[in-house]
Amino acid sequence: MHAHQNGPRKEGLRAARPGQGWMNGARFMPGPAARLRWPLGVDWLRWLVCPTPQAVGFALRNTAASLIALAIALWMELDSPQWAVATVWSVAQVRRGESMSKARWRIVGTLVGAVAAVVFIGAFPQQSWLFFPAVATWIGLCSFLATFCLNFRSYAFVLSGYTCSIIAVAAASEPDNVFFIAMSRASYIVLGVVCEAAMGVLFTFNLATRAQATMVGQVEDVLHRLGGLLREIVLHERDTLVHAGEFSDMLVSVHQGLEFPAIEMGRQVHAGDHARAVLAEVSILVTRLVGLSGGTERAMLADDAALADTRGQLLHLCDRLAACRLEAGALDDLYAQVTHLHALFEQRAARGAHEMARVTHGVLAATMEDLQTALDHAHAIFSPPPHDRFRFHLGGHRDIRLAFHNGLRGAAAIMLAALVYECTAWPGGMGFIAITTLVCGLFATRENPVVATTRFLSGAVWSAVAAGCLSLWLIPYLSNYEELAFVLGLFLFVGGLAKCNRSTAGAAAAYGLLMPNLLMTGNQSRVDEIAFLNNALHTVLAVGLSVLVFRLVLPFRARAERLRFGAHMRGELRRLCLVPLPPSPQWWIGTSVDRIGRMVRHAAQAGDHTAGGGIRLMLMFSSVGLNILLLRGLKRQQRDSATDIITTLLRALVRYRPISPRGVAVVRAARRRLARLEKADPGNGRLLEVLACLDGIARTATACLSAMEAGVE
């Protein structure tokens, strides 16, 4: 299922760009059908004509779950059985762990939204211009809070928002029945979730074993690509920082996807925590070397036999990393080599011929220690220690401004839809409001919602076409449920195949969610042409309004995001110098990697080829912050003359800012004083670490200033 690299390849880092092979941390490789050559104009249909076995299994499983859910809903004589079918396709994901997580959070979000709907209907009966602002505020609040969560925890918040709107809108004309409408809505959700989960259990074999293999493959890929990136750093290639940014984007994707194989393996297994710890240690290692890159280059160019040997040893390690396997024997050999290098670099740091060589070897010894810790955690993934209680959380960026914009956009869309309804008295206006809420809730928390909603609009159009064919031409001639299940199953099966194809997945999400709703199936009713066209019209127009809102109300701009991230990180660097309780290096690196990953994704989506300078700046800011935190950790180790120099320096950096000419000047002045102390006590490990941190801050800050003077954003 996973293909692994067997050697270092420069193009390996570029392959990790978003939209080119990475989705939720899992890598999807092209199957045999993808390698076939298709005639011109037919290539885009290969997902339908020659689907992969995985896509066929997914489509069959969820088509069967949908038809079972519809049969049960009709047997129970529920008033809107189509929502059970829509729930199945809303919850269904390619990975079983994703489906399990989404199902759990969908139930939670539905229950919260149902309670909110009952409250709003009870608080504002027959008071439309109190009711609609209250619902809009609730949608905005849910979107605001969802921005701070990852994966399907975010989905639970937005679901509670649009579920409240759907229930409240349906009960607005009959407020006395709001409780029964809410219970009915919850019943559809639970029925759809249970049917999808039951079919998933029947179609899934060896779930924990396959999940462990998936996680092992993801961590192996990280180590393979780390080997390629380290080779570029050792060889001082020009685009190293850009590739480091792409590497950060890959780490973010893997981190977000680790939750799902961890769910499949079970709560009692802590392999996911160990995998996140691997990502954290690898990120710290790369950031250390980014800060040391200039000094490493000068040291490696020096006429020193030890440094030449160090270079060869590192290149050999890169080859081993690029071909490593998470297997007991192979990992033990790699760990032994890293342990040897750690001891060797520590020895050379203590006995180096000149100061730069000692500092360089000191940092390299620290990176080998990071790599040792990462390999320890990698070993624990497939061979957990007894009584394992390890827990690890990797920090991420929390953007308050983005959250405010998301909430404001959602509230604005609801108010605009409500205004249209109040001004026109449109009979389908309530459905128009409900679908607008649904789409805005689904996409409000996307980093770049314009791209996603455009695809969703095309899926809405296709769902209207498919539902029209069924409602107007096929269903009138069917006389029993078996015939309906056969015909509807064909349409649902096609939607399932489309959902497994990356280029059509966005449209397929709309198709699976909206097409059953447009059918409005019932035991003793059939949709006539006028009712169907009105329903399809307000559905498509609602999606179109949502696309318009995302384009016009506080639209997303990748360049503005880069500028905002840069200004925010410069302010954070200043606070890191003297904040009473500094964050851990793992938290800082996790947050920085998250930001850099977002910038890389957004630049790729927008086709922005000028974002490389901004990505380099963010990496250098991250390196400066890591060195400041390491410096503060060294300051706490003991009290001596070096501690006083560090304290004075940190206070000066708060005043002058780390990324400023005066900040660089005070760092260099402090370094000269500490270099005199190290000269009097050569080989002092603590002083070498302090000098390495100061070198990293001074060199990286100088490079940042040069880039900003050149107009890099």
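User: How many cavities are there by this rule, and what makes something a cavity?

Analyst: The count comes to six cavities of 30 Å³ or more. On a 1 Å grid over the protein atoms alone, a cavity is a set of points where a 1.4 Å probe fits but cannot get out; a pocket is an open set with protein on both sides within 12 Å along at least five of seven lines. Lining residues have an atom within 4 Å of a point. Grid points are joined across faces, edges and corners, and the volume is the space filled by probe spheres set on the points. The model is predicted, so local features need pLDDT of at least 70 and side-chain atom pairs count only at pLDDT 80 or more, while totals for chains, interfaces and linings use all residues. Residues are numbered from 1 along each chain as its sequence is written, and side-chain values use heavy atoms, leaving out hydrogens and water.

User: What is the volume of the largest cavity, and which residues are closest to its centre?

Analyst: The largest cavity has a volume of about 160 Å³. It is lined by 16 residues, and those closest to its centre are His 255, Leu 394, Gly 395, Gly 590 and Asp 594. Two or more lining residues come from each of α11 (240-257), α13 (271-301) and α24 (585-606). Helices here are DSSP runs (H or I, at least four residues), numbered from the N terminus.

User: How does the lining of the largest cavity divide by class?

Analyst: Seven of its residues are nonpolar, seven polar and two charged. Ala, Val, Leu, Ile, Met, Phe, Trp, Tyr, Cys and Pro count as nonpolar; Asp, Glu, Lys and Arg are charged; the others, Gly among them, are polar.

User: What lines the second largest pocket?

Analyst: The second largest pocket holds about 910 Å³ of space. Of its 30 lining residues, Ser 80, Trp 83, Ala 170, Gly 431 and Asn 517 are the closest to its centre. At least two lining residues each come from α5 (82-91), α8 (151-171), α9 (178-203), α18 (429-443) and α22 (529-552). By class, the lining has 16 nonpolar, 11 polar and three charged residues.

User: Why is the contact of Arg 288 and Asp 370 called a salt bridge?

Analyst: A salt bridge needs a side-chain nitrogen of Lys or Arg within 4 Å of a carboxyl oxygen of Asp or Glu. Arg 288 and Asp 370 meet at 2.6 Å, N to O, so the pair qualifies under that rule. Arg 288 lies in helix α13 and Asp 370 in helix α16 (residues 355-382), so the bridge ties together parts that are 82 residues apart in sequence. The structure holds 16 salt bridges.

User: Why is Asp 370 called buried?

Analyst: Buried means under 20% relative accessible area, exposed over 50%, and partly exposed in between (1.4 Å probe, protein chains only). Asp 370 has 9% relative accessibility, so the label is buried.

User: Where do Arg 348 and Asp 309 lie, and is each buried or partly exposed?

Analyst: Arg 348 is in helix α15 (residues 328-351) and Asp 309 in helix α14 (residues 305-322), 39 residues apart. Their closest N and O atoms are 2.6 Å apart, in a salt bridge. Arg 348 is buried at 17%. Asp 309 is partly exposed at 33%.

User: What makes the phi of Glu 77 worth a note?

Analyst: Most residues other than glycine have a negative phi. Glu 77 has a positive phi of about 55° and is not a glycine. Glu 77 lies in the loop between α4 (53-75) and α5. Its relative accessible area is 62%, so Glu 77 is exposed.
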